[in-house]
Structures are given as C-alpha cells and as structure tokens.
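Welcome! Here is a short briefing to read alongside the structure. Take a look at it, then follow the topics below.

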Amino acid sequence: IAPYKKSMDSLMNEEIATAIYSLDKKNPESLLGNWVCDGMKWYMDSVAKIPCDIAVCNYGGLRVKSLSKGSIQLKHIYELMPFDNTITLVSLDENTMKMFIEKIAFYGGWPISRGVKIDINESHSLNSYHFDTTKVTYTLAISDYIAHGGDNMSLLIPMPQKNTTFKIRDILIAYAKHQKVLNATIEHRITKE
C-alpha cells in the first residue's frame, strides 16, 4: 500500500487556500460556522444557480474545532467535513421557519448564513429573529442528514424537499479555492443574552 499511501498523501497535502487567522468553532456564532454556511449559500447561488434564502449547518456537523492560521490543505476540509452529506433544499413557510429557528435557539445556536439575525436568551429560548427578506416561502439549504430529521429536526421531514448531489465537502473545497484567502467575520447573526 506504500505507493497508494504516497499518492494519497500528495493529494491530501495539496494547498487549496490560506488563512490569515484561525477560524474557530464556537456557539452561538463563530468564524468557522459563518464560513461554512456562507460557502454553502455562495455555491448554491453562484455556481449551481439554484438560489436559496438561507444555508444552515448543525453545530455537530463541523468535525474540527478550527481551521488553523496558515496553509489550508485538502485534508483539512476532509477533516472538517468527513462525511458525504449532500445539500437538500427545503421549502419552509413562515410558521415552520419560526419553529426551525426555535430549535436552533434550543441548541444554543447553529451556524447560519448571513442575512439572518437571531437573538436567544440564557435558557435557549428565542427572543426574536429577523430575515433580510420578506417572503411567503423560504428556501433553506441544509445537509440531507438534517433535512431527513437528524438532530431531532423531524419538523422538516414533511416539508417540500429537493435533494441534490452536491456534497458539502466539495462545496467547501470549491469555496476555499474561490476565496484563496479564507474570509469570515462575526456579524452577530446569532446573539445570546
């Protein structure tokens, strides 16, 4: 297996971007979570040309504590997202979106793309939420695991869904290559009193 290992090591050690600061994973909001969700939304809007309103990732879906400052190699994205989860688009009416946001609050915050403001209290209840857009239906880009009820999100199961073949890991690799220098900011998308 030595030649195979050498080939794999060479592939996994390929530098795909750099980071000028560490992107850490934290609750209720973090640089790593913001980067992942913004990458998901960027890909759906700009590459796949399938617009979505919001992209969300469950906190446990990020499998590393940080992407460290310095060289970002292919193996780092595989460590961040080791599973073959794909994007599922879920259509939510305003009431179901509120229930979904309440579940996010219950968990103490999940990574979510820009354009959303959620305020939760110390007991993990929802104080308020706001979207940049007012629609009758919202299109949510989320992992197939969550869309199919994972992490106690059974409320999503009966909602209209469209499965895609876009692997989240491949999306993040494309996003890192697109950015070249990883860029994320804390924008108070989720605040906790």
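Two strands pair if DSSP finds at least two bridges between them. Helices (H or I, at least four residues) and strands (E, at least two) are DSSP runs, numbered from the N terminus. With that in hand, Ile120 can be found opposite Leu126 of β8.

This is a predicted model, in which local features need pLDDT of at least 70 and side-chain atom pairs count only at pLDDT 80 or more, while totals for chains, interfaces and linings use all residues. Residues are numbered from 1 along each chain as its sequence is written, and side-chain values use heavy atoms, with hydrogens and water left out.

**Strand β7 and its partners**

- β7 pairs with strand β8 (residues 126–131) in the antiparallel sense, over five bridges.
- The two strands β7 and β8 make a hairpin with five residues between them, and His124 in the turn has a positive phi of about 65 degrees.
- β7 also runs parallel to strand β11 (residues 190–192), joined by three bridges; there, Lys192 is the bridge partner of Ile120.
- Four of the five residues of β7 are buried, where buried means under 20% relative accessible area, exposed over 50% and partly exposed in between (1.4 Å probe, protein chains only).

**A look at Ile118**

- Ile118 lies in β7, which covers residues 116–120.
- Its relative accessible area is 3%, so Ile118 is buried.
- Not counting residues up to four places away in sequence, Ile118 touches several residues, including Ile101, Leu126, Tyr129 and Ile190; contact means heavy atoms within 4.5 Å.
- Ile118 and Leu32 are 86 residues apart along the chain, and their C-alpha atoms are separated by 18 Å.

**The open sheet and the helices on it**

- Four strands form an open sheet with mixed pairing, in the order β3-β9-β6-β10.
- At the edges are β3 (54–55) and β10 (161–167), each of which pairs on one side only.
- β3 pairs with strand β9 (residues 137–143) in the parallel sense over two bridges, and Ala55 stands opposite Ala141 in β9.
- Helix α4 (residues 94–106) packs on the sheet and touches β3, β6 (86–93) and β9, its direction making about 120 degrees with that of β6.
- Helix α6 (residues 168–179) packs on the sheet too, touching β6, β9 and β10, and makes about 55 degrees with the direction of β10.
- For these angles, axes are lines fitted to C-alpha atoms, for helices over the stretch in contact, and angles run from 0 to 180 degrees between N-to-C directions.

- Among the buried residues of α6 are Ile168, Leu172 and Tyr175, and what covers the buried residues includes β1 (15–19), α2 and α3 (74–80).
- After α6 comes Lys180, with a positive phi near 70 degrees.
- Helix α2 (residues 31–47) is mostly covered, with 14 of its 17 residues buried, and reaches 23 Å from its first C-alpha to its last, close to the expected 24 Å.

Note on methods: Expected span 1.5 Å × (residues − 1).
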